[in-house]
Amino acid sequence: MKEEKLFTKRLGEPVDGDEVSLSDAEGNILLRDVVLFDKLANFNRERIPERIVHAKGWGAHGEFVPTKDMSKYTLAGLFTKVGKKFKVLVRFSTVAGGRESADTVRDPRGFAVRFYTDDGIHDIVMNNTPVFFIRDPMKFPDFIHSQKKNPVTNLADPNAQWDFFTLTPESLNQVTVLFSDQGIPYGFRYMDGFGTDTFSWYNARGEYVYVKYHFISEQGLKNIPADEAERIAGENPDFAGEDLRNAIDRGEFPSWRVKVQIMTPEEAKKYRFDPFDTTKTWYEEDFPTIEIGRMTLNKNPENYFNEVEQAAFCPGNMVPGTSASPDKMLQGRMVAYTDTQRYRIGVNFNRMPVNSPGTEVFNYQRDGALALNPTGKINYYPNSYDDVVFSKRVKNVPPGVTAPVKREAPPIKDVDFVQPRDRFLAFDDGERGRLMDNIAASLGQAAKKIRYRAAALFYKIAPAYGEGVSERLKLNLREVRRLSRLTQKELEYATK
Ligand code: HEM
């Protein structure tokens with residue numbers, strides 16, 4: 001026999017029915033039917049705003065186990081306590097689509113990992129690609145506007161996408177990844193995660209290094225060809241989420257080898273690429289990866305809204321032993337996420353079980369919508385009553401701002417074309433062909449001047465790249481070659 005459940009309103013008062021409204025004999029509903037209003041009013045408020053980016057997502061719980069003691073570089077228990085199991089929450093996502101959009105689109109995939117540690121929450125909020133489109137957070141809203149829907153038509157706008165890419169040519173490294181086979185992963189189990197940003201770690205002596213995170217899939221990489229992806233998007237928009245959920249239900253727990261690249265401050269000064277520029281990687285032959293742990297996902301959410309929709313990740317959530325770096329994008333991201341979450345979920349979003357650390361929290365912050373204040377009458381600091389201590393383990397590295405402050409974009413230089421060139425040259429003929437087919441299918445929908453600007457930039461990256469795209473779009477190759485010899489400013493002038 002199942003246990004009987006007494007049906008109540010939200011405040012616990014028992015009700016006499018839930019299927020029929022309180023009506024007179026003619027069918028008119030009485031205004032006093034608070035049972036009906038309680039139900040409708042709650043329903044009317046079920047949705048919270050979707051994330052401004054990465055709105056469509058799926059999550060799972062699991063664990064991270066450090067396999068290497070990194071105390072030489074960091075005092076974080078997360079990366080030094082070999083064998084300890086840390087609980088994790090992961091949310092995978094696409095970027096540009098709305099909450100109900102399809103999983104199998106050409107788009108980067110988000111890969112946000114939350115670690116619950118003895119020092120509170122540590123988040124590593126990654127994508128499945130090692131580089132990003134821009135290197136200054138100031139450009140993020142414009143970048144996202146150009147990728148999402150047109151403000152007039154509410155339709156996708158390839159013209160805006162390519163206009164932005166070609167006026168921001170530092171994006172072409174990531175564009176080359178996006179339009180390659182890797183641009184549509186089969187599912188979340190079959191992709192890697194990259195912190196992309198450069199972080200720092202410091203040890204007990206306060207010595208610091210710069211760090212990049214890599215999560216390497218033990219399932220291997222698997223991608224979907226463009227035509228098949230379109231078919232699947234129509235048949236099952238939730239394809240990747242279903243794959244993840246079913247695999248975990250079957251006991252096939254996906255796992256990732258967690259690795260880092262480490263660079264000393266001295267090496268950072270000399271490296272041929274700006275180590276804090278998110279449009280560049282650190283080549284692995286220059287800075288080999290070191291395996292530091294393994295992450296396994298072994299539990300599906302029991303309630304999607306509680307555990308996934310309301311999850312609030314932020315790259316600024318970092319435990320002692322880890323810190324920011326001169327990476328501008330990271331610095332912008334560290335404040336942007338929590339800011340949007342105060343709006344998207346509410347100022348006290350940290351009260352949700354998935355957003356609370358599970359460790360003791362103490363400060364004098366108070367009140368606000370849905371507050372659950374700690375008891376006690378002291379709500380100010382300093383005070384003569386509480387014995388408060390501050391952590392000596394927290395260090396804000398790298399120290400000191402010494403250079404003059406300025407608002408000045410770094411010019412586009414030859415070095416900005418090196419990594420996309422190496423990436424293009426590393427592809428075999430088949431991969432290059434598909435990359436250029438995918439680009440042509442999208443770029444072909446942009447205005448003619450933007451097609452020329454893009455082809456010239458691809459030509460700058462590698463002549464075969466520019467020629468392949470030009471041929472597919474039937475562009476005049478002599479003109480493309482001429483444009484490719486211009487500086488970025490001249491190219492923009494010639495094609496605006
Ligand atoms: C300055 C550049 C960026 C800004 C301002 C920015 C801002 C945001 C914002 C406001 C959200 C929504 C957060 C929420 O509603 O909870 C978000 C989500 C996300 N961003 Fe970024 N972002 C930036 C760059 C990046 C980069 C470079 C990556 C990856 C390396 C990334 C990965 C993600 C992921 C994975 C999510 C979804 C988190 C989740 O699953 O809840 N973002 N971003």
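Me: At roughly what angle do the axes of helix 12 and helix 13 cross, and within what distance do they come?

Reply: Please note at the outset that this is a predicted model. The axes of helix 12 (residues 448–461) and helix 13 (residues 463–473) come within 5 Å and cross at roughly 150 degrees. Angles over 145 degrees count as roughly antiparallel, and helix 12 is therefore roughly antiparallel to helix 13.

Me: Which residues of helix 12 and helix 13 meet?

Reply: From helix 12 come Arg451, Ala455, Phe458, Tyr459 and Ile461. Their partners in helix 13 are Pro463, Tyr465, Gly466, Glu467, Val469, Ser470 and Leu473. Sorted by class, the contact of helix 12 with helix 13 has eight nonpolar, two polar and two charged residues.

Me: How do the axes of helix 10 and helix 11 cross?

Reply: The axes of helix 10 (residues 418–426) and helix 11 (residues 429–443) cross at roughly 120 degrees and come within 8 Å. Angles from 65 to 115 degrees count as roughly perpendicular; helix 10 and helix 11 are therefore oblique to each other. In this pair, Phe424, Leu425 and Ala426 of helix 10 meet Glu431, Arg432, Leu435 and Met436 of helix 11. The contact of helix 10 with helix 11 comprises five nonpolar, no polar and two charged residues.

Me: Helix 11 also has a crossing with helix 3. At roughly what angle do these axes cross, and which residues make the contact?

Reply: The axes of helix 3 and helix 11 come within 9 Å and cross at roughly 115 degrees. Pro158, Gln161 and Trp162 of helix 3 make the contact with Ile439, Ser442 and Leu443 of helix 11. By class, the contact of helix 3 with helix 11 has four nonpolar, two polar and no charged residues.

Me: Let us turn to the ligand. How many residues surround the ligand, and which are the closest?

Reply: The ligand is surrounded by 25 residues, and the closest are Arg51, Arg91, Tyr337, Gln341 and Arg344. By class, this shell divides into 14 nonpolar, seven polar and four charged residues.

Me: Which helix or strand supplies the largest share of the shell?

Reply: Helix 9 does, with seven residues. Strand 3 (109–117), strand 4 (120–127) and helix 9 (328–344) each supply at least two residues.

Me: Finally, how should I read the backbone: which peptide bonds are cis?

Reply: Most residues other than glycine have a negative phi, and most peptide bonds are trans. In this model, a cis peptide bond joins Tyr381 and Pro382, with omega about 5 degrees. The bond from Val397 to Pro398 is also cis, with omega near -10 degrees. Pro382 lies in the loop between helix 9 and helix 10, and Pro398 is placed in that loop as well.

Me: What phi does Asn154 have, and where is Asn154 found?

Reply: Asn154 is not a glycine, yet has a positive phi of about 60 degrees. Asn154 is found in the loop between helix 2 (140–147) and helix 3 (158–167).

Technical notes: Residues are numbered from 1 along each chain as its sequence is written. This is a predicted model: local features need pLDDT of at least 70, side-chain atom pairs count only at pLDDT 80 or more; totals for chains, interfaces and linings use all residues. Side-chain values use heavy atoms; hydrogens and water are left out. A residue is near a molecule or strand if one of its heavy atoms lies within 4 Å of it. Helices (H or I, at least four residues) and strands (E, at least two) are DSSP runs, numbered from the N terminus. Ala, Val, Leu, Ile, Met, Phe, Trp, Tyr, Cys and Pro count as nonpolar, Asp, Glu, Lys and Arg as charged, and the others, Gly among them, as polar. Axes are lines fitted to C-alpha atoms, for helices over the stretch in contact, and angles run from 0 to 180 degrees between N-to-C directions. Angles under 35 degrees count as roughly parallel, over 145 as roughly antiparallel, 65 to 115 as roughly perpendicular and the rest as oblique. Contact means heavy atoms within 4.5 Å.
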